[in-house]
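I opened the notebook to look up a few things in this structure. The entries follow the order of my checks.

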Amino acid sequence: MLNDNLILNLSMLYTASLTAFSLFIFLSIRKSNLYQSTLWIISNFMSAFSMLIPSVFVETAHSVTYSLISYVVSGTSITLPYFALAGRQWRMLRFYKAHMVLVAAFLIMLTITALPYGWLPAVLGYSCGAAIVFATAWVCHKNRAWRGFRGQSILIFGLIACALLFLWRAWIVFDARNGIGFDIDPANTILGLEILICISFCIQIGFLHLIVGRDIRFNLFEARRAARLFEDNRRMSAEQNRLSDLADERLFTLDLLTLEVRQPINNARAALEALDHAIGLENPKTAKPKLAIARAQGVLDSVTLAISNAIFAASFLEQNTKITRRLVDAHDVAELAKTDCPIDLSPRIEVNFDDNAVYVDMDPVLVRLALRNLLDNALKYSPPQSPIQFRILQREDLLGTSFTVTSQLTRLDLLDEAIFTRRGRGAGAQGSGGGLGLYLVKKVAAAHGGSVSYFIHDDAKVTFDLFIPDE
């Protein structure tokens, strides 16, 4: 009777310790350990419940009518910690050895339920329990989430001790077998319970240390990530400010270029026009001076176009400046683009406009620059003295207006998809040029919601089409 009371008191103490640790674990639940803590608490309560049924662990003699519920609950309680320590990555291949042990032990435990209760089912049950606990210790060792915590070593030590306790219990049952049953010395059962309480205390402390340490590590990582993000944002902000200052400096340089260079060029053009007018009508004596003046004007026009493209690229493209659209006569803009071309080459441009005015909602300055680039491209890459067809078409089918420039081709390899990219030129392109002209035309078209394209026809002609849709 005294031994039975002592066994009952130890069982109650074991149940109370599991309940207390479950409460501590419940208070320590965080998002980072919710899955593990939930399984562990369920395992604790099932283990405590199985001890009060009573448990097969405290049996001292064979009983024909044993508690199947206690057997099932006990087996489940030692299996749940396996999945708790494996975490949500329990399907990973690095746990395959432990999985094989778990499955084998589980199949044996299912087989045991079909056997008549006695020393053999008890020995097999304790041995399978030991195998599952050994597998749990292996998973705890292999899971990278628990590395670096002292609780891992404590928990592994407790699990191995628990597995050895199960094997010792199996040996006691085997040694005390009597026919198909067994008769165990109560002192051994009491000693086993005392050892189990100490081991359980060690296991619970180890697991509690793991989840608290993991939560601290998780918060530390979050703090580091936030600090790194703040530093990256600060660095990006500083870099953005640096680039903004650099862009402002470039725009200031371009403003100086506009003021200090473009105006003198315009003055030089006006002086050349006055000189050309002073020379008078062309005759054999004035042919050479007029040709020299025309060449000088062409050079100045090329310089003016290059400066206009540079200013446009910097102020419009890089700063994402919004365009200023207004309703203007497309004929006037096209005529201005033609007059921007070199005087000695502009006669090659044949304008073919309808008599009726064509009003388009667009930015006249940008479209004029785009048309100037299209005309310059046609004059540069077509045979000398060949005509350039310059037309304006109202596209009722597309609800917009097309500006087309048609010229002859000297070589077919001058055209490819790269001509509309920044610094892109045709494979066979030669001579001067920075590859910005057609790229800027494409940007102007895109700013108006339109497009620019080209198509080759008659095997020797190409037509560039700048389409501006109606607003």
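**Ground rules.** I am reading a predicted model, where local features need pLDDT of at least 70, side-chain atom pairs count only at pLDDT 80 or more, and totals for chains, interfaces and linings use all residues. Residues are numbered from 1 along each chain as its sequence is written, and side-chain values use heavy atoms, with hydrogens and water left out.

**Helices H2 and H3.** I took helices as DSSP runs (H or I, at least four residues), numbered from the N terminus. Helix H2 (residues 34-51) packs with helix H3 (residues 68-86) at about 160°, their axes 8 Å apart. Axes are lines fitted to C-alpha atoms over the stretch in contact, and angles run from 0 to 180 degrees between N-to-C directions. H2 and H3 are therefore roughly antiparallel (angles over 145 degrees). Their crossing is left-handed: the near helix is turned anticlockwise from the far one by less than a right angle.

**Helices H5 and H6.** Next I checked H5 (residues 119-142) and H6 (residues 150-175). They pack at about 170°, with axes 8 Å apart. That makes H5 roughly antiparallel to H6. The residues of this contact divide into 21 nonpolar, five polar and one charged. H5 passes H6 in a left-handed crossing.

**Salt bridges.** I found nine in the whole structure. The criterion is a side-chain nitrogen of Lys or Arg within 4 Å of a carboxyl oxygen of Asp or Glu. Arg235 forms one with Asp232, the closest N and O atoms being 2.9 Å apart. Both lie in helix H7 (residues 186-279), three residues apart, so about one helical turn separates them.

**Last entry.** Leu107 lies in helix H4 (residues 96-112).

Key. Helix = DSSP H or I, 4+ residues; strand = E, 2+ residues; numbered from the N terminus. Parallel < 35°, antiparallel > 145°, perpendicular 65-115°, else oblique. Nonpolar A, V, L, I, M, F, W, Y, C, P; charged D, E, K, R; others polar.
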